[in-house]
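Hello,

Here is the structure for you to look through. My notes follow below it.

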Amino acid sequence: MKLYSTKNHHLSVDFKTAVFNSLPADNGLYMPTTIPVLDENIIAGWDKKSLPEIAFDLAYALLKDDISAEALKAIVDDAANFEAPLHPLADDVFILELFHGPSLAFKDFGGRFMSRIMAHFLKEEEKEIRILVATSGDTGGAVALGFLNVPGIKVTILYPKGKVSLIQELQLTTNGNNIEAVEIDGTFDDCQAMVKQAFHDEELNAKFNLTSANSINISRLIPQMFYYANTYARLKQQFEHITFVTPSGNFGNIAAGMLASKMGVPIKQFIAATNSNDIVPQYLKTGVYTAKPSVQTLANAMDVGNPSNFVRILDMFDKDKTKLEAAFDAVAFDDDAIKVAIKEVYQEKQYIMCPHTATGYLAVKEAKAKNQLDKHAYVVLATAHPCKFPDVFEELHIPYEVPAQVAELYHKAKHQIVMDNSYQNFKDYLLSQS
Ligand SMILES: *Cc1c(COP(=O)(O)O)cnc(C)c1O
């Protein structure tokens with residue numbers, strides 16, 4: 001697969017380069033130069049295939065020149081080794097639960113696939129890689145657990161003291177082995193700045209093979225197509241049209257669904273549901289894209305004021321707003337609406353949604369009022385397990401379950417390196433390691 005930069009369509013790099021660089025030097029995003037379309041017969045056979053088998057068909061179409069079929073099959077099987085079940089909420093509304101992976105959020109698909117792709121390319125070179133990431137919460141857990149015990153790769157995660165939830169902190173600090181957590185007495189922006197400075201530091205680069213595990217890495221986008229295609233396969237006998245509703249922050253998850261659709265997966269429409277950070281819904285209304293400082297909401301993994309993946313979506317539609325609107329809509333909901341939705345679904349359906357998923361449910365309610373089609377299913381992507389966001393459920397007096405893997409975390413020893421907000425200390429610490 002060759003990739004271009006959304007800021008330079010003449011650029012052409014191979015997949016391996018895009019994986020290890022994450023971002024082109026011009027600060028655009030990598031996108032496939034040509035998007036392959038799957039043979040109709042392959043897609044027609046998917047109702048008899050499993051999630052990992054469907055995942056392989058998609059990944060192989062993109063990566064057949066980069067990774068052998070055998071190796072790719074092993075990577076896909078190992079990365080997509082947990083279920084993505086559909087929970088019916090009504091005859092034509094389904095919740096696609098993407099939180100059955102190790103960090104209990106959809107980001108596990110990306111984290112696990114990326115780590116295994118990197119390890120695969122490393123085998124040929126046998127150079128240890130040092131991943132540096134800053135996290136404000138969910139990304140760190142998916143990266144930590146995604147890379148845990150992956151040979152040849154060591155991960156250092158920086159997180160802001162007192163600013164991630166307890167579960168998130170435990171997911172970062174209880175792993176040991178090749179994962180280390182550094183607690184910085186500062187903000188997420190401070191952590192991010194230290195990581196950025198490290199990537200530009202000659203002394204560190206001379207000693208380590210530094211790489212980022214950025215959320216916009218192309219190898220995190222590819223595996224997010226898998227569950228859209230698998231859901232289509234599960235529903236295609238019963239329904240003629242499927243609309244996917246994706247709770248969106250950086251718009252990577254929904255961009256992956258749209259990429260799957262460009263590869264031939266028959267999907268009627270995509271709806272992005274946002275919280276009060278309504279940059280994209282406003283863009284559709286006004287035709288003007290205006291980034292804003294993010295505002296804090298209950299659905300905090302979507303508190304993004306300048307959704308980076310939106311340029312990927314625009315590129316897939318030749319930057320033509322009219323073409324985009326034929327397949328895509330975006331709607332925003334505030335915290336009050338989110339709370340009402342959580343309560344309503346709990347009382348009426350005895351189902352508990354996390355605040356992010358609740359925005360998707362609200363979008364379905366709106367869309368269904370306008371829909372005229374028969375045999376049309378709505379699928380809301382449930383992006384995280386409710387137990388990751390306990391505060392809102394305590395406020396609403398809703399008892400939520402804590403899965404065994406989370407309960408176990410409380411019994412594990414926490415190991416973090418505590419540091420003040422000083423780049424020099426961070427650098428000295430890294431240099432002191434072998
Ligand atoms: C990251 C995240 C999102 C937003 O996904 P994007 O790909 O950034 O749009 C939504 N919900 C949860 C729980 C997340 O962790």
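Asp47 and Lys48 meet through their side chains in a salt bridge, with N to O at 3.5 Å. (A salt bridge is a side-chain nitrogen of Lys or Arg within 4 Å of a carboxyl oxygen of Asp or Glu.) Asp47 is partly exposed, with a relative accessible area of 23%. Lys48 counts as exposed, at 70%. (Buried means under 20% relative accessible area, exposed over 50%, and partly exposed in between, with a 1.4 Å probe and protein chains only.)

Two points before you go on. This is a predicted model, where local features need pLDDT of at least 70 and side-chain atom pairs count only at pLDDT 80 or more, while totals for chains, interfaces and linings use all residues. Residues are numbered from 1 along each chain as its sequence is written, and side-chain values use heavy atoms, leaving out hydrogens and water.

The salt bridges come to 15. Glu180 forms one with Arg130, and their closest N and O atoms are 3.5 Å apart. Glu180 lies in strand S8 (residues 179–185) and Arg130 in strand S6 (residues 129–134), so the pair ties together parts that are 50 residues apart in sequence. (Helices, H or I with at least four residues, and strands, E with at least two, are DSSP runs numbered from the N terminus.) Both Glu180 and Arg130 are buried.

Asp201 and Lys427 also form a salt bridge, at 3.1 Å from N to O. Asp201 sits in the loop between helix H8 (188–199) and helix H9 (202–207), and Lys427 is in helix H20 (residues 423–431), so this pair links parts 226 residues apart in sequence. Asp201 is buried, with a relative accessible area of 10%. Lys427 counts as buried at 10% too. Salt bridges with shared partners join Asp201, Glu203 and Lys427 into one network.

Next, His376. Strand S13 (residues 376–382) holds His376. At 6% relative accessibility, His376 counts as buried. Its side chain makes a polar contact of 2.6 Å with that of Thr243. Another, of 3.2 Å, joins the side chains of His376 and Asn371. (A polar contact is a pair of N or O atoms within 3.5 Å; within protein, one must be able to donate a hydrogen and the other to accept it, and residues adjacent in sequence count only if both atoms are side-chain atoms.)

Last, the ligand. A backbone N or O atom of Gly249 lies 2.8 Å from a ligand oxygen atom. For Gly252, the distance from a backbone N or O atom to a ligand oxygen atom is 3.1 Å.

Best wishes
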